[in-house]
Amino acid sequence: MAHAKAKVGIMGGTFDPIHVGHLVTAEAVRIEYKLDKVLFIPASNPPHKQESMVTPAIHRYIMTVMATYSNPHFFVSGIELERSGPSYTVDTVRGLIDCYGASTEFYFITGADAVKDLPSWQEIDQLLDLCYFVAATRPGCISYIDQVIKQFGVKGRRSIQRLATPELEISSTDIRERIKKGRSIKYIVPESVEDYIYKEGLYR
Ligand SMILES: Nc1ncnc2c1ncn2[C@@H]1O[C@H](COP(=O)(O)OP(=O)(O)OP(=O)(O)O)[C@@H](O)[C@H]1O
Ligand SMILES: O=C(O)c1ccc[n+]([C@@H]2O[C@H](COP(=O)([O-])O)[C@@H](O)[C@H]2O)c1
């Protein structure tokens, strides 16, 4: 009897810091697509972000571990922290295929804001052949998801699929600004992450 293929979600991000928007989105995709697990992968050098503006990867990695620990289906991979240079997703997915074998299906989970930049991603055509993309809708982003789906949806062997997820208007940028201004971040990040941020004096 043939075995069902393993299905692994990939939630890539800068996670500076990780917040409940990331967690709710990953869980919604996991359930909808019946994923066996979701790998959270903090980017070492996020290709579209200025390196000097990003918090050292070790802090982002630790916060990601703490935030995901209580979900038995969530795991954190340090695969991008082990590589130097820009953290291109195509390299990450190739590394995961080497590790898990070609019979595993990968679902790269992304927010809609990241989808609009997809055309400029490294080796995007090849990447679309290697994994599925699931774009979680965020307020105001639906029209450019459609545009990108039109542009790329038929190019690769795979496709960009859209999933309506609980739309939480939360961003790491807003959290960093709140901390700078001395405003509360309670319930926007897991309590362990909040404690870590204050203990380490991040984002002041
Ligand atoms: N509130 C949210 N709901 C759904 N997806 C989100 C949300 N916030 C971020 N994402 C998605 O999670 C992934 C990682 O995002 P990232 O770590 O850059 O967080 P961010 O909140 O967008 O950060 P920043 O404000 O610093 O740009 C991206 O695909 C992004 O689109
Ligand atoms: O591979 C690329 O060219 C590429 C360009 C921009 C972003 N990404 C990935 O998309 C994910 C979200 O990125 P960000 O900058 O929104 O945190 C993260 O895993 C990045 O490594 C990847």
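**Stop 1: ligand 1**

Helix α1 gives the largest share of the shell around ligand 1, with 3 residues. Keep in mind that this is a predicted model. Select ligand 1 and the residues around it: there are 18. The closest are G13, G21, G111, S172 and T173. Now colour by element. Two or more residues of this shell come from each of α1, β4 (105–111), α4 (112–115) and α7 (172–180). What classes of residue make up the shell around ligand 1? It has 10 polar, 5 nonpolar and 3 charged residues.

**Stop 2**

**Stop 3: a cis peptide bond**

Select D16 and P17. The peptide bond that joins them is cis, with omega at about 0°. P17 sits in the loop between β1 and α1.

**Stop 4**

Pick R30, in helix α1. Is R30 buried or exposed? R30 counts as buried, because it has 22 C-beta neighbours inside 10 Å and the cut-off for buried is 20 or more. Show its contacts: beyond its neighbours within four places in sequence, R30 touches G9, L35, V38 and H73. Then draw a distance from R30 to M63. Their C-alpha atoms are 21 Å apart, and the two residues are separated by 33 residues along the chain.

Next, select Y33. It lies in the loop between α1 (20–32) and β2 (37–42). Y33 has 17 other C-beta atoms within 10 Å, so it is partly exposed. Leaving out residues up to four places away in sequence, Y33 is in contact with K7, Y107 and V134. Draw another distance, from Y33 to A136. These residues are 103 residues apart along the chain, and 12 Å separates their C-alpha atoms.

**Stop 4: two helices that cross**

Two packed helices are described by the angle and the distance between their axes. Show helix α2 (residues 57–68) and helix α8 (residues 191–200). Their axes come within 9 Å and cross at roughly 150°. The two helices are therefore roughly antiparallel to each other, since angles over 145 degrees count that way. The crossing of α2 and α8 is right-handed.

Which residues make the contact? From α2, select H59, I62, M63, M66 and A67.

**Stop 5: two positive phi angles**

Select E123, in the loop between α4 and α5 (124–130). E123 is not a glycine, yet its phi is positive, at about 45°. E123 counts as partly exposed because it has 15 C-beta neighbours inside 10 Å.

Finish at Y187, in the loop between α7 and α8. Phi of Y187 is positive too, near 70°, and Y187 is a residue other than glycine. Is Y187 buried or exposed? Y187 counts as exposed, because it has 10 C-beta neighbours inside 10 Å and the cut-off for exposed is 12 or fewer.

Note on methods:
Residues are numbered from 1 along each chain as its sequence is written. Chains are lettered from A and ligands numbered from 1 in the order in which they are written. This is a predicted model: local features need pLDDT of at least 70, side-chain atom pairs count only at pLDDT 80 or more; totals for chains, interfaces and linings use all residues. Axes are lines fitted to C-alpha atoms, for helices over the stretch in contact, and angles run from 0 to 180 degrees between N-to-C directions. Helices (H or I, at least four residues) and strands (E, at least two) are DSSP runs, numbered from the N terminus. Angles under 35 degrees count as roughly parallel, over 145 as roughly antiparallel, 65 to 115 as roughly perpendicular and the rest as oblique. A crossing is left-handed if the near helix is turned anticlockwise from the far one by less than a right angle, and right-handed if clockwise. Two residues are in contact if their C-beta atoms, placed from the backbone, lie within 7 Å. A residue is near a molecule or strand if its C-beta atom, placed from the backbone, lies within 6 Å of it. Ala, Val, Leu, Ile, Met, Phe, Trp, Tyr, Cys and Pro count as nonpolar, Asp, Glu, Lys and Arg as charged, and the others, Gly among them, as polar.
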